[in-house]
Amino acid sequence: MLNLIRCEFFKLRRKSLLRGLLGLSALLPLLLVLYELPNQRGMTGLTEAYKAGRFDYYCQCLCVYAFVLLMPCLVGVLSCFLFFMERDNDTFKNLRTVPVSAGQLVLAKVMTMLLLELLFSTLIFGFLALFFSLFGIGALTHGLSMFLMFQVCGLLLFAVSLPVVVLVVLFNGSTLISLLLSFFCSILGWASILFLSQLAAGNPRWKLLFPLHPTLCTMQWSSWFFSNLADRTQMMQMDLFLPGTGHTLLLDAGVAAVSLALVLHYYKRWTR
Amino acid sequence: MKDCIIETKNLTKLYGTQRSVAGVNLHVRKGRIYGLLGRNGAGKTTTMRMLLGLTQPTAGEITLFGRPLQGNEKKILPRVGSLIESPGFYPNLTGTENLQLFAMLRGIPNENAVRSALELVGLPYRDKKLFSQYSLGMKQRLAIALAVMHEPELLILDEPINGLDPIGIAEIRSFIRSLCEERGKTILISSHILSEIALLADDIGILDHGVLLEEEPLAELEARNGRYIHLGVSDAARAARLLETRMGLTAFRVEGDRDIRVTDPEIPPETLARTLLEGGVELRELHLCEDTLEDYFKRVTGGEGIA
Ligand SMILES: Nc1ncnc2c1ncn2[C@@H]1O[C@H](COP(=O)(O)OP(=O)(O)O)[C@@H](O)[C@H]1O
Ligand SMILES: [Mg+2]
């Protein structure tokens with residue numbers, strides 16, 4: 001399996017994928033810096049605690065909100081790169097006679113996507129930390145736990161975004177169509193959260209659906225899990241929806257497992 | 001047969017209701033070159049895809065190296081090298097990188113395998129040129145290199161000379177011959193070009209509309225079908241009666257009003273001539289003729305010829 005994953009990376013040579021990831025992961029933190037800089041202009045004697053708070057706040061924003069929007073797009077782009085390669089270049093026959101099975105290939109591709117996702121969240125965190133400390137507008141007091149949050153959130157939201165791969169493989173269309181599809185999924189994910197919250201505001205019975213929404217659960221759980229004690233007390237008072245760790249992990253793992261099974265099912269149909 | 005590397009029983013593939021391959025019993029013997037000949041759409045590629053487990057047969061059995069293919073793919077396929085239809089490689093990699101990739105997948109540790117495979121087909125090692133910039137002939141050569149890189153015992157090559165120039169064709173032909181003769185490899189090769197098969201194959205199978213019409217050694221086929229005596233006579237019907245009654249001959253065919261083909265070339269021509277003249281039939285001409293493989297192909301497929 002390791003060998004197969006190595007080969008997936010090998011196949012990405014001379015593709016602009018890694019450069020694109022690097023650019024995107026630098027861009028987001030840069031925008032946040034440009035947003036925060038004017039806020040702090042003229043303020044003097046800022047404490048380390050304040051700076052740490054700002055850094056943590058932006059970490060939370062990126063991780064929880066930006067990732068919810070970004071991850072389906074990222075997964076869509078990655079699956080276009082990885083899953084269409086064999087189809088477009090007619091290399092199935094050479095792989096299948098090695099022999100590499102469709103199952104092995106799908107697993108290798110999803111693992112490669114996961115590794116690229118982890119790279120992406122590491123890069124974003126790295127750039128955020130770099131820029132905030134360069135401009136002196138943030139402190140990495142809770143750096144380690146923030147880094148952990150990036151990885152855990154990234155991983156969970158990646159799992160929750162795997163249905164995008166199912167759609168990409170199912171529709172088996174051009175890259176453009178698939179990208180539009182994943183963009184649409186990302187918007188739909190957000191919209192469904194907003195819509196559900198609206199409904200729940202009108203009629204609390206809709207809250208019963210909250211625990212079934214994987215993205216919503218992941219968002220709420222991670223903002224709870226990675227917040228400090230003071231914030232937690234506040235959250236409790238606000239009577240927010242706070243799913244348990246086991247519940248969230250199980251739900252996300254379930255989504256990932258079902259998606260993988262469907263991807264394999266539809267991918268096998270291509271290779272006939 | 002004991003020494004068959006490839007054996008199929010009643011191999012059949014349906015696409016919808018169309019029978020692309022129908023009840024094929026193929027026997028490819030060890031250490032020989034088997035030429036599968038057939039027009040476009042005859043079912044050559046479909047047969048080979050089934051032999052490699054790329055397409056599931058609708059019915060029938062496939063035995064490779066004496067074992068059923070189904071369920072033994074992991075053991076059997078590493079012993080097979082193949083080229084199916086057009087070469088399929090990653091366009092963003094160079095030729096060398098493409099081979100390195102598959103060497104990695106096949107678990108071939110030494111870099112020399114890639115280098116020598118490239119040298120064998122006449123492509124440069126560690127060239128900067130990407131696969132997408134290759135010419136059709138170079139792509140085909142790379143595909144052949146991929147097929148032989150892991151030293152397989154059996155090669156399945158689907159129209160391997162497609163897209164090559166005449167010199168390239170000759171090179172690849174002698175390369176394939178040497179693989180068989182010097183390294184003892186068994187080779188199944190398909191082509192729609194009859195002369196190519198005639199030059200290369202030891203055994204020949206003729207596939208037409210999914211049916212394997214004939215299967216036999218090329219030498220035997222040439223000996224049996226190759227030579228005949230052509231008689232030009234004034235009255236073919238009468239001549240036929242004479243041959244039958246006076247000579248007891250049955251190995252002949254009447255072709256039109258004035259021509260007869262005697263399919264046994266060993267009959268002495270003077271006997272034939274005497275019999276006819278004594279019976280009062282005028283003999284216009286008498287030739288010892290050699291049937292071309294193309295005539296033969298026309299005859300067995302019952303249709304037009306092949307290039
Ligand atoms: N995937 C497929 N779906 C439907 N029909 C197919 C498919 N592959 C091949 N065929 C049909 O099977 C027949 C044999 O094709 P093929 O094996 O490619 O012939 P050859 O290689 O001898 O030219 C053709 O009539 C072709 O149209
Ligand atoms: Mg073909």
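How far apart do the C-alpha centres of domain 1 of chain B and domain 2 of chain B lie? They lie 46 Å apart. Domain 1 covers 4–215 and domain 2 covers 226–291. Those bounds come from an automatic or database domain assignment.

Ground rules, quickly. This is a predicted model, where local features need pLDDT of at least 70, side-chain atom pairs count only at pLDDT 80 or more, and totals for chains, interfaces and linings use all residues. Residues are numbered from 1 along each chain as its sequence is written, chains are lettered from A and ligands numbered from 1 in the order in which they are written, and side-chain values use heavy atoms, with hydrogens and water left out.

Chain B as a whole, then. The C-alpha trace spans about 80 × 40 × 35 Å along its principal axes. Chain B has 11 helices and 15 strands. Both are DSSP runs, numbered from the N terminus: helices are H or I with at least four residues, strands are E with at least two. Chain B has 307 residues, and 54% of them count as buried. Buried means under 20% relative accessible area, exposed means over 50%, and partly exposed is in between, with a 1.4 Å probe and protein chains only.

The accessible surface of chain B is about 13800 Å². Carbon and sulfur atoms hold 49% of that surface. These areas come from the Shrake-Rupley method with a 1.4 Å probe, and for residues only the protein chains shown count as cover. Now contacts, meaning heavy atoms within 4.5 Å. Take those in chain B between residues at least 6 apart in sequence: 69% join residues at least 24 apart.

Q18(B) puts a polar side-chain atom 2.8 Å from an oxygen atom of ligand 1. G41(B) uses a backbone N or O atom, 2.6 Å from an oxygen atom of ligand 1. Taken alone, ligand 1 exposes 560 Å², and the protein buries 61% of that.

F65(B) is not a glycine, yet it has a positive phi of about 50 degrees. F65(B) sits in the loop between strand 5 (59–64) and strand 6 (67–68). Is F65(B) buried or exposed? F65(B) counts as buried, because its relative accessibility is 14%. E85(B) also has a positive phi of about 50 degrees and is not a glycine. Its loop runs between strand 7 (80–83) and helix 3 (95–106) of chain B. E85(B) is partly exposed, at 47%.

Over to chain A. The peptide bond from V98(A) to P99(A) is cis, with omega near 5 degrees. P99(A) is in the loop between helix 4 (92–96) and helix 5 (102–134).

S79(A) lies in helix 3 (residues 48–89) of chain A. S79(A) has 0% relative accessibility, so it counts as buried. Leaving aside neighbours within four places in sequence, S79(A) contacts F84(A), M113(A), V165(A) and V168(A).

M146(A) is in helix 6 (residues 143–161) of chain A. M146(A) is buried too, at 4%. Not counting residues up to four places away in sequence, M146(A) touches F55(A), D56(A), C59(A), F125(A) and F226(A).

Last, L115(A), in helix 5 of chain A. L115(A) is partly exposed, at 40%. Beyond four places in sequence, L115(A) is in contact with I5(A) and F9(A). The C-alpha atoms of L115(A) and G45(A) are 70 residues apart along the chain and separated by 41 Å.

Conventions. A polar contact is a pair of N or O atoms within 3.5 Å; within protein, one must be able to donate a hydrogen and the other to accept it, and residues adjacent in sequence count only if both atoms are side-chain atoms.
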